[in-house]
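Colleague: I am new to this model and would like to know what stands behind the words used for it. Please show it first.

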Amino acid sequence: MTSSLGTQVPIVLAGARGHGRWHLENIRRLQELGTVRLAGICELTPLTAEEIPDGLGTPEQSSDLGALLDSTGARIAVICTPIPTHTDLALTAAARGVHLLLEKPPAPSYTEFRRMADGVAGAGVACQIGFQSLGSHALPAIRRMIAEGTIGDLVGIGGAGAWSRPESYFRRAPWAGRRRLNGVDVIDGALTNPLAHAVATALALGGATRAEDVTEVETELLRANDIESDDTSCVRVTSARGLPVTVAATLCAEHPDDPYVVAHGSSGRITFWYKQDRVLLQRAGHGPQEFEYGRTDLLENLVRHLADGTALLVTPDLTGGFMKVVEAVRLAPDPAPLPAESWHRPPGEQRRVVPGVDGLVAASADTLALYSELGAPWALPRGLRTEART
């Protein structure tokens with residue numbers, strides 16, 4: 001399959017290590033299909049030949065994104081760099097008329113997000129934000145079920161993310177686990193980065209994707225690890241239509257499992273494991289039904305948009321609601337350290353575990369309650385919970 005643009009679309013990848021390796025493999029997949037061509041890699045330290053997957057040739061490399069875009073004639077820039085660099089790099093590409101796939105979270109603050117989104121719109125380039133779960137075909141299917149009254153009236157959305165990360169995860173980069181670095185916002189917390197998909201997917205099911213859809217955000221931010229940012233936290237968003245959207249997350253799970261979101265109805269519920277594109281429908285008077293769906297790759301969607309006007313799946317405006325959550329987390333007091341007796345390291349493992357947190361994460365998704373409302377022994381007193389109204 002070749003691109004209907006008539007040739008392979010030249011792409012520059014900024015940030016090819018870490019999560020960037022996933023983008024390298026995805027670009028290789030599309031290059032083998034004849035859709036794109038990796039023209040350049042932007043990294044502070046060039047990749048070695050061994051770091052470049054077979055089949056991608058010898059793309060030009062530079063630490064200067066603007067110069068690399070100029071020399072390669074790239075039409076698309078994939079930006080997978082540290083969070084605080086997103087806005088400036090996106091605007092560097094936009095100023096050259098280069099279209100964008102910008103990794104999540106799109107920015108560390110709402111001000112930076114608006115500067116990016118407004119600059120990109122003013123330049124007239126297409127921009128896709130890298131919430132891959134929003135390319136799942138399960139989302140429109142679930143929306144149809146809700147609209148048709150399959151689970152009765154929608155009463156709320158819950159999200160659960162019980163993950164585990166070793167202590168080394170927070171040392172992988174200077175910005176990891178930081179709220180700020182050298183006076184610049186980073187906001188690398190559980191809700192805003194590793195489990196950001198849970199927040200974005202829950203907001204998408206709750207019809208609160210745009211900034212104006214979010215009227216209130218309540219946060220409870222805590223940490224078991226010796227970091228600045230949160231690793232065990234929850235958030236409850238109230239949408240403009242009054243619908244609660246609650247997400248609980250931890251990187252200190254006892255038994256890590258796939259994250260999911262739940263649409264609660266007056267006569268049933270729909271559970272969506274967004275990494276698997278798997279859906280479970282449970283409703284009164286019927287047996288449970290399971291469905292599996294496909295997924296549209298966001299880079300492929302961007303290429304098709306440039307070729308024939310196919311609608312983009314995740315524009316900046318459709319992540320404004322998520323950025324309201326990021327802003328609430330940014331403005332909240334620094335995460336409270338959990339008492340030393342509330343976590344431990346499993347024998348032989350260099351990770352911190354909070355006993356009972358798996359059940360609390362699940363209970364939050366089930367009941368739309370925050371940790372303090374569930375009686376977690378280490379939760380913040382309800383009077384210290386941060387609320388942000390928009």
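Helices and their crossing

Modeller: This is a predicted model. The axes of helix α6 (residues 196–205) and helix α8 (residues 320–331) come within 9 Å, crossing at roughly 130°.

Colleague: Which residues make the contact between α6 and α8?

Modeller: Ala 196, Val 199, Ala 200 and Leu 203 come from α6, and Gly 321, Phe 322 and Val 325 from α8.

Colleague: Which residues touch the most other members of the largest nonpolar core?

Modeller: They are Ile 76, Met 116, Ile 270, Leu 299 and Phe 322, in a core of 101 residues. Helix α6 gives the most to this core, with eight residues. Another core, of 25 residues, lies apart from it and includes Leu 280 and Trp 343.

Colleague: What makes strand β7 (residues 154–162) mostly covered?

Modeller: Buried means under 20% relative accessible area. Eight of the nine residues of β7 are buried, so β7 is mostly covered.

Colleague: How do you know that β7 pairs with strand β13 (residues 260–265)?

Modeller: Pairing needs at least two bridges. β7 and β13 have six, in the antiparallel sense, so they count as paired. Gly 158 stands opposite Val 262 in β13. Six bridges also join β7 to strand β12 (residues 244–250), running parallel, where Gly 158 has Thr 246 as its bridge partner.

Notes
Residues numbered from 1 in each chain as written. Predicted model: local features only at pLDDT ≥ 70, side-chain atom pairs only at ≥ 80, totals over all residues. Heavy atoms only, no water. Buried < 20%, exposed > 50% of the residue type's maximum accessible area, 1.4 Å probe, protein only. Helix = DSSP H or I, 4+ residues; strand = E, 2+ residues; numbered from the N terminus. Core = buried A, V, L, I, M, F, W, Y, C linked by side-chain atoms within 4.5 Å. Axes fitted to C-alpha atoms, helices over the stretch in contact; angles between N-to-C directions. Contact = heavy atoms within 4.5 Å.
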